[in-house]
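Subject: Structure for your reading

Hello,

Here is the structure for you to look through. My notes on it follow below.

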Amino acid sequence: MEVRFYLLCNRYEALVASHLDPESFGAYMAVGNLRQTTGEEIFIEIDPNKVGDAIDMEKARESCKPHREGNPRRSKYISVYRALERIPVESMMNLHLVTRDGLTLALEGQTLEKEEQNGPHMYMELSPAGALIVSSLAPKGFVQFITNLQNPVSYPKVFLVDMLIDTDKEGKLASYLPYSHPDHISECLRIVSDGKKITKTVDRRPNVGSFYRTIRRGFYVGNGDAMKFYPYPSKAKLDEDHHRWWRSASLG
Amino acid sequence: MNKSRVPVVATMIALALMAGMAGAQPDGAAAVADEFNRQLPMWWFLAPLCSIIALGSAAFFYRSMMKEAEGSPRMKEIASYVREGAYAYLRRQYLVVGIFFVVVFVLLLFMAIGLNVQHYLVPFAFMPSGFFSGLAGFFGMKTATSAASRTAHAASQSLNKGLRVAFRSGAVMGLTVVGLALLDNSIWFLYLYKFHHTIFGGEPMTMETITMVMICFGMGASSQALFARVGGGIYTKAADVGADLVGKVEAGIPEDDPRNPATIADNVGDNVGDVAGMGADLYESYAGAILAAAALGVAAASTQGLSSEVMFNYMVAPAILAAVGILASVVGILVVRANEDATMTTLLHALDRGIYLASALIVVAAVGVVMILGLPWSILWSIMIGLALGLVIGKGTEWATSAEYKPTQNIAEQSTTGPATLIIGGIAEGMLSTWIPILAVCLGMMSSFALAGGFTDLFMGLYGIGIAAVGMLSTLGITLATDAYGPISDNAGGIAEMADMPKEVRERTDMLDSLGNTTAAIGKGFAIGSAALTALALLASYVESIRVGIHREAAAAYTAPAPTGNDIFHVKDLGFGKFGVYIAGSSGSETENRLYTVSAIQTKSSHSVRLMVDEGPRAGEVLDLVIADLGHHARRMNLVDVEGNSLADNRASLDDFMIFYNVTLTNPKVLVGVFLGVLLVFVFSAMTMKAVGRAAAAMVNEVRRQFREKPGIMQGTETPDYARCVAISTAGAQKEMILPSFLALLVPIAVGLVLSVSGVMGMLVGTLCAGFAMAVYMANAGGAWDNAKKYIEAGHHGGKGSDSHKAAVVGDTVGDPFKDTSGPSLNILIKLTSIVSIVFAGLIVKFAPMIGQFLGIGY
């Protein structure tokens with residue numbers, strides 16, 4: 001049986017070996033074997049040949065054995081601490097977004113060719129931490145900033161998503177955005193817009209309902225100049241091409 | 001002939017027939033020339049003819065729908081699951097109801113033959129009215145469950161085609177209900193009026209007897225409606241809550257996802273609640289309104305001393321109005337269509353256009369009916385008031401529940417501060433929303449009463465109200481079509497999702513579904529409003545049933561001596577202020593006794609007659625009496641009292657009965673009755689809501705079990721056991737509907753036996769007022785919570801998944817049994833208490849005084 005490697009990276013990190021393909025693995029992680037719902041899941045498939053020496057992938061492959069009765073092993077945890085920082089960006093293959101009911105959408109990664117204008121932007125860090133941040137920095141700049149180990153607050157590597165901050169005619173956050181404290185977000189955005197701060201933490205433990213509905217451009221992973229961007233399709237495209245997934249993801 | 005033109009042609013023939021009749025004023029000789037071989041005027045046949053046109057049109061629409069393609073194999077498969085579930089429910093429902101009907105049949109038979117407090121035809125007529133009501137529900141369900149997949153497939157061709165298939169399938173339900181109700185009514189009237197006495201001998205039935213016996217027939221329809229509404233309401237919400245709480249909230253599965261084991265039961269529930277339940281409910285309102293108005297018409301003509309010819313016209317006018325309403329409805333149904341670029345507003349206008357056209361046609365036709373039947377022009381006002389009332393209540397409900405308007409938007413806004421404020425907001429808006437239908441009914445009641453001359457002639461005023469109820473329901477063929485359209489389009493949307501149909505098809509079915517949500521809410525308001533008006537007419541009819549009950553009791557005690565000299569009658573004190581005045585000649589049979597009996601009650605009114613009592617505790621006394629009723633032969637005798645006053649000229653008015661039974665607010669029995677009526681509404685609502693809770697819990701456990709034991713369901717590799725969920729919902733509904741249903745049936749009888757007529761009158765008033773307000777409140781609060789959630793889902797206050805949305809989901813779940821179980825079931829409760837009181841009036845009249853005396857609370 002083929003052994004695949006997946007990096008779980010939604011609010012916690014773990015490298016997992018599995019005999020399941022991404023769709024089955026996503027369904028298993030979200031739904032469980034005995035209907036133990038664990039919620040939305042996000043993971044990146046890893047090319048073991050490009051991981052290098054940081055993790056002994058051959059040993060990891062050998063440890064993932066089928067069950068005695070011959071059934072495939074669904075998950076064999078290889079690493080559950082500092083996994084993200086040890087896995088090189090070039091080994092990261094497709095990003096998989098799994099809904100609560102176990103439907104998986106695969107996103108292809110690409111290099112970020114064109115940087116956006118500076119902010120304000122809102123990012124949700126998904127790994128290794130999970131804070132909601134607003135910043136005047138564009139994604140690339142923000143990733144570089146947050147992974148600059150010279151800064152007192154930094155990570156070796158980060159996985160994050162930039163989120164919608166659409167506003168209405170009155171300048172308030174759009175009514176369709178499901179954030180818990182929109183006024184607070186607006187205030188934070190105003191602070192970084194005014195240049196008083198480059199970044200500001202909105203919420204250390206955000207609980208964003210209907211998360212997949214709040215994604216703006218996509219997901220970013222990396223550090224310094226080694227960065228990968230997973231663009232998120234438009235809502236129209238999601239509804240058109242991935243209708244079942246989108247209905248589930250948007251709580252249809 | 002182009003088959004699509006069949007309903008049009010049939011309608012035109014009927015209209016032409018009516019137009020032809022317009023020139024021919026009913027001839028007294030033609031109408032009731034020979035008392036024994038009664039002739040029916042030609043225009044009377046409009047009622048059975050139109051009922052057949054309704055059924056023919058329904059059959060035509062059904063066949064047209066069945067000719068449409070059902071879509072892909074997957075669509076067929078899903079539709080077959082829903083159809084099988086619906087039939088499984090109906091089989092179980094009819095079995096339980098069948099047992100109930102047999103028990104009640106035996107009870108009514110015992111009352112008629114053993115206790116002699118009931119007309120012997122009532123048990124036999126009780127069964128068919130229930131059967132016809134059930135049949136209407138069956139046809140409605142059969143059509144709706146076949147139409148959903150065809151609507152989805154038609155929507156893949158065009159929006160207009162989808163609308164037409166769904167709406168005309170809904171029309172099958174509407175037209176079947178009005179057709180069967182009017183046909184049942186016409187057949188029984190024909191039999192009682194023309195054939196009963198020729199088959200079984202004896203004198204022809206008086207029109208008073210015919211109308212009172214026919215009102216009792218309504219109990220079959222009421223009972224069927226009660227079970228359909230309560231059972232259907234419990235079923236649909238148990239399935240809905242089970243599907244939502246486990247499938248959507250716990251498992252995160254979207255709406256109408258085939259992985260949800262309860263999704264088929266949920267789709268079946270839409271049909272069970274809003275097709276079979278609503279159909280049976282309105283069948284009962286429709287039949288009840290016609291029969292109550294007919295009884296009031298006879299009473300009005302009788303108290304005015306009008307000729308039997310005019311009385312006949314008053315009696316059948318409601319049925320004729322209903323008949324022209326059917327024709328207008330068919331025309332209205334045919335004009336409903338939409339453009340391809342239709343928006344939600346234009347779709348709603350398309351339906352409105354059909355209803356408005358039908359209403360306008362009825363007003364025009366009513367002018368002809370009033371002229372042909374020689375009715376007072378004030379009746380035309382009553383018809384127009386009734387029609388306007390239906391529209392006002394419908395629009396009022398739309399205002400109170402649609403997300404387009406402030407009340408629902410206010411509720412949605414309160415979701416931003418959590419579920420508690422959202423619940424408070426919904427309760428407040430629901431309570432506030434009662435002002436439109438209640439004031440509309442008050443205004444309609446007062447104006448139809450006043451314009452019909454009620455302040456100088458009470459029964460004429462009540463007749464005006466009865467006609468207003470008939471006017472309101474005259475468009476039922478099309479209004480019920482818009483209602484039954486709701487679950488069809490809802491199911492069509494579900495099938496489109498489950499069968500992975502293309503985006504444009506799903507958008508079309510979504511649009512049709514949204515329209516269905518609005519029309520369903522409007523239909524609920526219409527049903528409640530019509531229940532209130534019908535119940536009011538039935539309240540007046542109850543007094544007439546007391547009159548009949550007293551007469552029946554007096555006749556049962558018939559002891560006439562041979563006439564000697566001028567003493568041509570014999571007065572017997574029956575106790576408790578009731579007297580039998582008997583003339584010789586009866587053969588001793590129950591029917592003959594009634595013909596030779598004059599029943600009377602003691603009074604102090606100015607139009608009393610003075611009679612010396614020959615037999616009983618007060619023998620030898622000369623007492624002031626008013627005549628409750630005169631048997632057929634007694635009417636011909638021109639009987640006079642000791643002072644030479646004619647007995648026939650001194651019949652008890654409604655006021656006399658009120659005085660005799662002390663129906664005044666100072667009588668504690670009346671007030672206690674009012675309280676008990678209010679209590680009945682609250683306890684009944686609580687029982688139905690608790691029933692939903694229990695049935696839903698069973699469904700929740702089953703769905704959880706399936707997810708737990710069949711992991712392949714979530715991964716799409718294993719098919720859920722849909723049938724098990726359907727069976728659980730069915731069993732839960734059947735089990736849970738028994739107690740509330742029996743409560744509704746037994747309380748009026750118990751109150752009557754203990755608190756007598758005054759207590760029953762109080763109870764009916766309490767039930768009517770509290771039930772009407774409560775039903776409107778529950779339906780509107782539930783509808784508003786539902787639409788507040790949809791409003792948020794459309795992208796307001798954070799949209800789906802936000803905290804506001806979570807609060808709205810709580811509100812919607814609370815509102816589900818409000819709007820789909822307890823609220824609609826109250827419609828039936830209001831009417832059923834009246835009908836049960838009417839049917840059991842003879843029993844109350846005879847035994848309540850004895851029980852009251854035994855308990856020391858008077859009689």
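B:Ser129 is buried, with a relative accessible area of 2%; buried means under 20% relative accessible area, exposed over 50%, and partly exposed in between, using a 1.4 Å probe and protein chains only. This is a predicted model, in which local features need pLDDT of at least 70 and side-chain atom pairs count only at pLDDT 80 or more, while totals for chains, interfaces and linings use all residues. Residues are numbered from 1 along each chain as its sequence is written, chains are lettered from A and ligands numbered from 1 in the order in which they are written, and side-chain values use heavy atoms, with hydrogens and water left out.

B:Ser129 sits in helix 5 (residues 122-155) of chain B. Helices (H or I, at least four residues) and strands (E, at least two) are DSSP runs, numbered from the N terminus. The side chain of B:Ser129 reaches the backbone oxygen of B:Phe126 at 3.1 Å. Leaving aside neighbours within four places in sequence, B:Ser129 is in contact (heavy atoms within 4.5 Å) with B:Asp184, B:Phe217, B:Gly220, B:Ala221 and B:Tyr283.

Next, the cores. A nonpolar core is a set of buried Ala, Val, Leu, Ile, Met, Phe, Trp, Tyr and Cys residues joined through side-chain atoms within 4.5 Å. The largest one has 280 residues, and B:Phe189, B:Leu192, B:Phe312 and B:Tyr463 have the most contacts inside it. Helix 24 (residues 738-793) of chain B gives the most to this core, with 26 residues. Another core, of 54 residues, lies apart from it; A:Leu173, A:Ala174, A:Tyr230 and A:Trp246 are among its members. Not counting residues up to four places away in sequence, B:Phe312 touches several residues, including B:Leu40, B:Trp43 and B:Phe189.

Chain A is divided into domain 1 (4-107) and domain 2 (121-230), with bounds that come from an automatic or database domain assignment. The C-alpha centres of these two domains of chain A lie 25 Å apart. Their contact takes 22 residues from domain 1 of chain A and 19 residues from domain 2 of chain A.

Chain A also has an open sheet of six strands in the order 10-8-7-9-11-12, with antiparallel pairing; two strands pair if DSSP finds at least two bridges between them. Which strands stand at the edges? They are strand 10 (199-203) and strand 12 (226-231) of chain A, each with a single partner strand, so one side of each is left without a neighbour in the sheet. Strand 7 (residues 121-127) and strand 8 (residues 132-135) of chain A pair in the antiparallel sense over four bridges. A:His121 has A:Ser135 of strand 8 of chain A as its bridge partner. Helix 5 (residues 182-193) of chain A packs on the sheet, touching strand 7, strand 8 and strand 10 of chain A, and its direction makes about 175° with that of strand 10 of chain A. For such angles, axes are lines fitted to C-alpha atoms, for helices over the stretch in contact, and the angles run from 0 to 180 degrees between N-to-C directions.

Last, some backbone details. A:Pro128 lies in the loop between strand 7 and strand 8 of chain A, and the peptide bond from A:Ser127 to A:Pro128 is cis, with omega near 10°. A:Arg11 has phi near 75°, a positive value in a residue other than glycine, and is partly exposed at 36% relative accessible area. B:Asp256 has phi near 55°, also positive in a residue other than glycine, but counts as buried at 13% relative accessibility.

Regards

Conventions
A polar contact is a pair of N or O atoms within 3.5 Å; within protein, one must be able to donate a hydrogen and the other to accept it, and residues adjacent in sequence count only if both atoms are side-chain atoms.
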